[in-house]
Amino acid sequence: MQERRCTESGRPDLSVDIAGIHLKNPVMPASGTFGYGEEYAPYLDVEKIGAIVTKGLSLKPKAGNPTPRIAETISGMLNAIGLQNVGVDDFVKYKLPFLREVNTPVIANFFGNTLTEYGEVAKRLSDIPEIAGVELNISCPNVKKGGIVFGTDPAAAAEVVTLVRKNLSKPLIVKLTPNVTDITVIARAVEEAGADAISCINTLTGMAVDVNTRRPRLANRTGGLSGPAIRPVALRMVHQVVQAVKVPVIGVGGIVRPMDAIEFLIVGARAVQVGTANFVDPQAMITIIEGIEEFLIDEGLDDIDQLIGSLEL
């Protein structure tokens with residue numbers, strides 16, 4: 001018989017563990033949609049979410065792509081921000097002080113343009129006690145060199161994960177791109193190379209044109225499509241990856257409502273990330289957490305483990 005894990009208040013237990021990182025609930029922001037955490041603090045209690053996932057960090061500060069770099073689409077948005085960020089050193093100096101005071105695990109997302117950069121950033125993040133784990137971005141479609149190359153080739157993906165693993169003492173989550181023929185091939189490669197968990201999916205490459213000017217709506221021409229439009233694709237890929245690997249999987253892609261998150265949990269994701277919805281409603285994650293709890297109560301479930309992976313085929 002499965003151990004009952006109701007909390008002292010009698011409410012269902014929403015806590016989960018991802019590669020040794022204990023989360024009070026399975027809901028966290030997707031990198032790039034929540035700043036460094038402090039930006040959203042005036043709008044929601046960041047101690048109520050499962051984790052804070054930072055904006056992607058690079059070895060040096062990065063200005064990103066020229067504007068315009070966001071375009072709204074039906075049921076989603078395109079972005080070509082270009083991974084603008086303050087760089088790992090200024091993150092430690094200016095952004096980490098706020099995170100030190102928050103009782104929520106911090107997961108630092110990072111990327112590099114070369115193997116050397118990946119390894120160096122991993123070393124620097126490994127020495128920061130306030131960071132519970134890292135999320136390795138090998139999948140962003142907005143950068144002309146670096147991430148997309150590693151993320152679409154299993155050998156290259158394994159190479160960068162192996163290097164990062166050697167330079168990192170913290171739990172390593174690897175974020176995968178959907179812009180591949182078979183995502184399970186990449187998932188198996190990064191698992192074998194040392195990934196402790198996998199998050200998927202990142203954005204789908206897309207494009208929009210202004211019919212009046214006949215010009216692309218993004219200065220970068222193409223960008224990453226996110227939002228509800230990609231959720232069925234994301235759900236299918238998460239289901240496939242869960243079946244293909246043994247490490248925990250974090251589901252990402254188009255989650256707006258509690259039921260969206262619950263779908264990902266049912267197919268086997270141990271946690272979820274909320275992205276575009278944060279731009280529409282800064283309270284979206286709180287609403288989703290509360291909705292998951294209400295669903296468990298309605299279903300007579302004591303803890304979230306009874307829901308995770310409960311898909312019937």
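The dialogue below goes through a sheet, a hairpin and the nonpolar cores of a predicted model.

Student: What makes S5 and S6 a pair?

Tutor: Two strands pair if there are at least two bridges between them. S5 and S6 (residues 76–79) have 4 bridges, in the antiparallel sense. Therefore they count as paired. Thr73 stands opposite Gly76 in S6, and Glu72 has Met77 as its bridge partner.

Student: Which residue takes a positive phi in the hairpin of S5 and S6?

Tutor: Ser75, with phi near 60 degrees. The hairpin has 2 residues between the strands.

Student: Why are S5 and S11 called edge strands?

Tutor: The order in this open sheet of 4 strands is S5-S6-S14-S11, with antiparallel pairing. S5 (70–73) and S11 (204–207) each pair on one side only. Neighbouring strands are turned by 40 degrees against each other on average, direction ignored.

Student: What makes a set of residues a nonpolar core?

Tutor: The residues must be buried, of the listed nonpolar kinds, and joined through side-chain atoms within 4.5 Å. The largest such core has 99 residues. Phe110, Leu125, Ile138, Leu176, Val190 and Ile292 have the most contacts inside it. Helix H9 (residues 284–299) gives the largest share, 8 residues.

Student: Which residues is Ile292 in contact with, leaving aside neighbours within four places in sequence?

Tutor: Contact needs heavy atoms within 4.5 Å. The partners of Ile292 are Leu14, Pro26, Val27, Pro258, Ala261, Ile262, Leu265 and Ile304.

Student: How many residues are in the second core?

Tutor: This separate core has 5 residues, including Ala71, Ala80, Ala208 and Leu218.

Terms used: Residues numbered from 1 in each chain as written. Predicted model: local features only at pLDDT ≥ 70, side-chain atom pairs only at ≥ 80, totals over all residues. Heavy atoms only, no water. Axes fitted to C-alpha atoms, helices over the stretch in contact; angles between N-to-C directions. Buried < 20%, exposed > 50% of the residue type's maximum accessible area, 1.4 Å probe, protein only.
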